[in-house]
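This explanation leads the reader through a protein structure, one residue at a time. Please keep the sequence and the model in view while reading.

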Amino acid sequence: MKDTSLSPPLEIERKYLIPYPDTAMLEKLPGCVRLDISQTYLKDGAGRARKSVSREGCVYTHTVKRRISELVREETEREISQEEYLALLRDADPNYRAITKTRFRIPYRGHIFEIDIFPFWQDRAVAEVELSHEDEEIAFPQWLNIINEVTFDPGYKNTELARIK
């Protein structure tokens, strides 16, 4: 859940490594939304451009994040047109490849769990949950098998997964 005050919205999220999930089971969970996402990191810290495709259609967004602490970031996100998206892609940072993933957004006890499946992993995935404050308790669904928390492991950040080495 994002802060809606006049200051930039805050993103507070925890991230967990999980075994590769049964995607058919995920899609049958109440309220599940599947998104096919492509995101491109932009030059000079200009954020990222994202294309998200679901059954409802396609949405383009431009997002800029600024780290406040290990757990909290300011996040400014706005929906953009396809033309703006394509223009932003011309400013793609050459140090990062576009990253694709399939995301399953599943509501559970007041939270939205986002399960991200990347095409380069066949054995694991990542689960994220956004919080309204850093110390918020999380009720985990029974179907979510957590291997370990990777919130503070830079190797599991999307920017690191996209980095060209």
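Strands are DSSP runs of at least two residues, numbered from the N terminus. The model considered here is predicted. With that in mind, one may turn to strand β7, which covers residues 111-117 and contains Glu-114.

Is Glu-114 buried or exposed? Glu-114 has a relative accessible area of 10%, and because buried means under 20%, Glu-114 counts as buried. Its surroundings can be described in some detail. Leaving aside residues up to four places away in sequence, Glu-114 touches Arg-103, Phe-104 and Arg-105, as well as Val-126, Ala-127 and Glu-128. Ala-127 lies 13 residues from Glu-114 along the chain, yet the C-alpha atoms of the two are separated by 5.5 Å. With Arg-103, the side chain of Glu-114 forms a polar contact of 3.4 Å.

The side chain of Gln-39 is joined to that of Arg-50 by a polar contact of 2.5 Å. Beyond residues up to four places away in sequence, the residues that Gln-39 touches include Arg-48, Ala-98 and Asn-158.

Finally, the cysteines deserve attention. A disulfide is a covalent bond between the sulfur atoms of two cysteines. How many disulfides does a search of the whole structure find? The search finds zero. For Cys-32, the nearest cysteine sulfur is that of Cys-58, 18 Å away. Cys-32 is buried, at 12% relative accessible area, whereas Cys-58 is partly exposed, at 35%.

Methods:
Residues are numbered from 1 along each chain as its sequence is written. This is a predicted model: local features need pLDDT of at least 70, side-chain atom pairs count only at pLDDT 80 or more; totals for chains, interfaces and linings use all residues. Side-chain values use heavy atoms; hydrogens and water are left out. Helices (H or I, at least four residues) and strands (E, at least two) are DSSP runs, numbered from the N terminus. Buried means under 20% relative accessible area, exposed over 50%, partly exposed in between (1.4 Å probe, protein chains only). Contact means heavy atoms within 4.5 Å. A polar contact is a pair of N or O atoms within 3.5 Å; within protein, one must be able to donate a hydrogen and the other to accept it, and residues adjacent in sequence count only if both atoms are side-chain atoms. A disulfide is a pair of cysteine sulfur atoms within 2.5 Å.
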